[in-house]
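Please look at the structure below and follow its side chains in turn.

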Amino acid sequence: DVSRAWNAMGAAVASVNDGEIGTWFRDVVASCWYDIMGNILRCGVIAVQEVWHHRSSLVIHCSDGWDRTAQVTALAALCLDPYLRT
């Protein structure tokens with residue numbers, strides 16, 4: 001769940017004390033935030049490959065209740081637009 005991961009990541013960041021690592025690395029991993037970000041990036045790559053290599057049209061719909069549809073679509077658009085890639 002995205003909101004739980006976001007809250008857990010925020011808690012991990014907030015618990016850092018100056019000069020002390022403590023359990024930060026373990027807390028970040030346990031938050032699963034990077035797993036969610038990795039899934040968005042992976043979906044973006046799939047969308048780019050479908051459009052670029054297979055010349056496919058896409059309908060992107062993510063039903064998780066967050067902005068993942070817009071994030072994947074925007075990421076693919078950024079990767080595919082030659083003006084934005086430079």
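A charge sits over a ring if NZ of Lys or CZ of Arg is within 6 Å of the ring centre and within 35 degrees of the ring normal. In this predicted model, R55 lies over the face of W52, at 5.6 Å from the ring centre.

W6 belongs to helix α1 (residues 2–14) and W33 to helix α3 (residues 33–52), so the pair ties together parts that are 27 residues apart in sequence. W33 counts as buried, at 15% relative accessibility, whereas W6 is partly exposed at 49%.

The rings of W24 and F25 have their centres 5.1 Å apart and their planes at 70°, so the pair is edge-to-face. W24 is partly exposed, at 26% relative accessibility, while F25 is exposed, with a relative accessible area of 52%.

Next comes the surface. L78, Y83 and L84 make a nonpolar patch of about 360 Å². Of these residues, L78 lies in helix α4 (residues 68–80) and is partly exposed, at 46% relative accessibility.

How many disulfides are there? A disulfide is counted when two cysteine sulfur atoms are within 2.5 Å, and by this rule the count is zero. For C32, the nearest cysteine sulfur is that of C43, 16 Å away. C32 is partly exposed at 36% relative accessibility, and C43 is partly exposed at 32%.

Key. Residues numbered from 1 in each chain as written. Predicted model: local features only at pLDDT ≥ 70, side-chain atom pairs only at ≥ 80, totals over all residues. Heavy atoms only, no water. Buried < 20%, exposed > 50% of the residue type's maximum accessible area, 1.4 Å probe, protein only. Patch = residues over 30% accessible without salt bridge, like charges linked within 9 Å, V, L, I, M, F, W, Y side chains within 5 Å. Areas by Shrake-Rupley, 256 points an atom, 1.4 Å probe, with all protein chains shown as cover. Salt bridge = Lys/Arg side-chain N within 4 Å of Asp/Glu carboxyl O. Helix = DSSP H or I, 4+ residues; strand = E, 2+ residues; numbered from the N terminus. Phe/Tyr/Trp six-rings, centres within 6.5 Å; stacked < 30°, edge-to-face > 60°.
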